[in-house]
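Visitor: Hi! Could you walk me through this structure in plain words?
Guide: Happy to. Let's look at it together.

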Amino acid sequence: MSEKKRGVRSTFNPDGLRKSGFAAVETDYVGATLTKTGQARIMQIAFHIGANCTDEDRLLKSILKNADTLLQQGISVPGPSRYRRLLRETIQNLGADRPAPDTRDILIDAIVEDDSVSRIVLSNDNFICIPKRIFDHGMVYPQAEHKVRGLHRLFPDDEIALFLSIRNPVTFLQETFQRAQAADLETYLGFQQPSDLNWSDVIARIKSGAPDSPLTVWCHEDSPLLWEDLIRAQSGVALDTQMLGGLDQIGDLLSPDGQAKLREALNNTATTETLTRQEIIANIWEQHGLDDAVDYEIELPGFTPSVITALTEQYERDLEKIDAMEGVELLLPFR
């Protein structure tokens with residue numbers, strides 16, 4: 001990985017993007033319909049499980065723009081009201097008990113109406129927990145392993161793929177602290193220190209709870225460059241399918257002139273290679289990005305410039321650990 005850093009800007013820092021490469025996303029799930037003789041069809045479940053204060057349903061909304069196209073390929077994107085509360089309460093009520101034999105089929109029938117569906121796309125930034133519980137029990141996301149293990153107990157024979165967006169601990173702490181409405185940062189963190197927030201630790205516990213499920217991870221700061229790739233990765237759509245919404249994230253960060261120039265540049269580009277598209281987006285973003293959408297004021301007490309720099313550098317080192325983890329795919333731009 002390069003030494004370029006992701007800054008604490010909410011979206012884009014021209015000096016904060018690593019040029020370590022990003023390959024076109026391919027999935028083993030495309031178009032597959034697996035069956036077992038005499039048993040229910042195996043379902044592919046692609047679940048975006050967080051983290052809090054990252055994409056916040058924006059990715060889901062972009063995927064939903066393609067709902068009709070996806071359904072033609074056996075991919076369903078149900079509305080969140082069909083599954084969020086249902087899955088949360090079912091996992092909570094499960095405890096240490098074994099699910100009833102028909103639990104899985106009842107859940108699938110409640111979530112999906114079309115019998116021809118072979119893949120379900122789900123999303124819930126609060127799946128692991130709500131912001132005020134992130135630092136319970138002296139850990140960061142102590143519920144992570146329990147939640148993903150509970151999910152797999154409900155769908156023991158299905159193919160579950162997990163998706164997780166992470167972000168710089170500095171901006172993550174500021175956003176989640178505000179959402180939690182805690183009295184002060186010390187109370188919010190409990191026994192934790194800001195330097196204890198290492199995403200690799202959280203991911204290791206997720207993998208412990210779901211060792212056989214692939215986990216796709218990306219940085220919130222990079223998402224405008226990766227947006228179309230994220231749509232394709234989670235939906236599992238055939239690679240030659242035209243998709244809508246690929247510019248949804250970057251569009252809000254550009255001036256009207258920048259938006260027009262981006263569309264023109266992409267329309268005039270003969271290649272559809274991921275690297276070329278990302279370079280075009282990054283160049284126009286740097287030239288035509290909205291200042292008020294880029295600058296991020298850190299207001300946390302005690303977060304001096306040196307503390308912010310140290311935590312950002314720790315984040316970069318942590319990404320190197322994540323990139324080397326077995327069963328984890330870290331999506332990065334420009335490779």
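Visitor: Let's start with R277. Is R277 buried or exposed?
Guide: R277 counts as buried, at 14% relative accessibility. Buried means under 20% relative accessible area, exposed means over 50%, and partly exposed is in between, using a 1.4 Å probe and protein chains only.

Visitor: Before we go on, what should I know about the model?
Guide: This is a predicted model, where local features need pLDDT of at least 70, side-chain atom pairs count only at pLDDT 80 or more, and totals for chains, interfaces and linings use all residues. Residues are numbered from 1 along each chain as its sequence is written, and side-chain values use heavy atoms, leaving out hydrogens and water.

Visitor: Okay! Which residue forms a salt bridge with R277?
Guide: That is E228, with the closest N and O atoms 3.7 Å apart. R277 lies in helix α12 (residues 274–288) and E228 in helix α9 (residues 223–235), so the pair ties together parts that are 49 residues apart in sequence. A salt bridge here is a side-chain nitrogen of Lys or Arg within 4 Å of a carboxyl oxygen of Asp or Glu. Helices (H or I, at least four residues) and strands (E, at least two) are DSSP runs, numbered from the N terminus.

Visitor: Which residues are linked with R277 in a network?
Guide: E228, D229 and R232 are linked with R277 in a network of salt bridges.

Visitor: And how many salt bridges does the whole structure have?
Guide: A search finds 13. One of them joins R335 and D323, whose closest N and O atoms are 3.0 Å apart. R335 is in the segment after β6 and D323 in helix α14, so this pair ties together parts 12 residues apart in sequence.

Visitor: New topic: how many helices and strands are there?
Guide: The protein chain has 14 helices and six strands. Of its 335 residues, 55% count as buried.

Visitor: How many residues of helix α8 are buried?
Guide: Eight of the 11 residues in α8 (residues 199–209) are buried, so the helix is mostly covered. Among them are W199, V202 and I206.

Visitor: What about I75, where does it lie?
Guide: I75 lies in strand β2 (residues 75–76) and counts as buried, at 3% relative accessibility. Leaving aside neighbours within four places in sequence, I75 is in contact with residues including L70, R119 and V237.

Terms used:
Contact means heavy atoms within 4.5 Å.
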